Amino acid sequence: METDAGFKAALEEAQKGCAEGGVPIGACLISSDGKVLGRGHNMRIQNGSPTLHAEISALEHAGRLSAAVYRDATMYTTLSPCDMCTGACVMYKVKRVVIGENKTFVGGEDYLRSKGIEVVVLKSNECEELMTKFIKEKPEDWYEDIGEDEK
C-alpha cells in the first residue's frame, strides 16, 4: 500500500539521520502510482546547512519533475513540516502530506489545508519517541533547527 511504502521510507530516513547524529526527521515523495520519487533526511547538522530539512532533501533527491507529477504526489514526513517545508509543498502543489507525528511539533498543517492539500496525521509512536529523545538530549540543536531560541 502506498501509505506503508512512503511512511516506511520516511521512517528509515529519520532513523538514518539519528544514527548520523542529526535531527531524526525523514521524508519521502511518492508518485500517484506508488513509485519513490525522492527520499531524504534532515542534514542540517551533518552538512552544516541552514536549509537541508528532510522534505527539502527528498525534493532535492527527486530532481526536476513536471508540475503534473507534483500535483499527484504525496509527501511523507515523520514530523509536521516547518514553515519552509510547508512552503515547498505548497509551491509545488503536492497533493497530500502524510505526517508521522505532530505532538512534539506542529508546523504548517493549517496552511497546507487552506491551500487544498490533504493532510493526514498517523500519530506514530515511533516517530514521537525519536523526536522526544532528540529534543531531550540535544535541545540546542532542536531549537536551532526550528529557528527558535532554546527554551
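Arg113 is partly exposed in this predicted model, with a relative accessible area of 40%. Its side chain meets that of Glu109 in a salt bridge, at 3.8 Å from N to O. Both residues belong to helix H6 (residues 109-114), where they sit 4 residues apart, or about one turn of the helix.

Helix H7 holds another pair for you to look at. Here the side chains of Glu137 and Lys133 meet in a salt bridge, with 3.5 Å between N and O. Because Glu137 and Lys133 are 4 residues apart in helix H7, about one helical turn separates them. Lys133 counts as partly exposed, at 49% relative accessibility; the exposed class begins over 50%.

Now turn to a salt bridge that reaches across the chain. Asp145 pairs with Arg44, and their closest N and O atoms are 3.3 Å apart. This pair links distant parts of the chain, since Asp145 is in helix H8 (residues 139-145) and Arg44 is in helix H2 (residues 44-47), 101 residues apart. How accessible is Asp145? Its relative accessibility is 6%, so Asp145 counts as buried. Arg44 is buried too, with a relative accessible area of 9%. The cut-off for buried is under 20%, and therefore the 6% of Asp145 and the 9% of Arg44 both fall in that class.

Salt bridges can also join into a network, and here one links Lys8, Glu12, Glu13 and Arg39. A search of the whole structure finds 8 salt bridges.

With the side chains in mind, let us move to the sheet. It is an open sheet of 5 strands, in the order E2-E1-E3-E4-E5, and its pairing is mixed. Which strands stand at the edges? They are E2 (36-41) and E5, and each has a single partner strand, so one side of each is left without a neighbour in the sheet. From one strand to the next, the twist averages 15°.

Strands of a sheet pair through backbone hydrogen bonds, and the pairing is either parallel or antiparallel. Strands E3 (residues 74-79) and E4 run parallel, joined by 5 bridges.

Helix H3 (residues 54-62) lies across strand E1 (26-30), E2 and E3, and runs at about 140° to E2. H7, the helix of the Glu137 and Lys133 pair, lies across E3 and E4, running at about 65° to E4.

Finally, two lysines are worth a look for their backbone angles. Most residues other than glycine have a negative phi. Lys93 has a positive phi, near 55°, and lies in the loop between helix H5 (83-91) and strand E4 (96-101). With 53% relative accessibility, Lys93 counts as exposed. Lys123 also has a positive phi, near 60°, and its place is in the loop between strand E5 (118-121) and helix H7 (125-137). Is Lys123 buried or exposed? Lys123 is exposed, with a relative accessible area of 67%.

Technical notes: Residues numbered from 1 in each chain as written. Predicted model: local features only at pLDDT ≥ 70, side-chain atom pairs only at ≥ 80, totals over all residues. Heavy atoms only, no water. Buried < 20%, exposed > 50% of the residue type's maximum accessible area, 1.4 Å probe, protein only. Pairing = 2+ DSSP bridges. Axes fitted to C-alpha atoms, helices over the stretch in contact; angles between N-to-C directions. Contact = heavy atoms within 4.5 Å. Salt bridge = Lys/Arg side-chain N within 4 Å of Asp/Glu carboxyl O.
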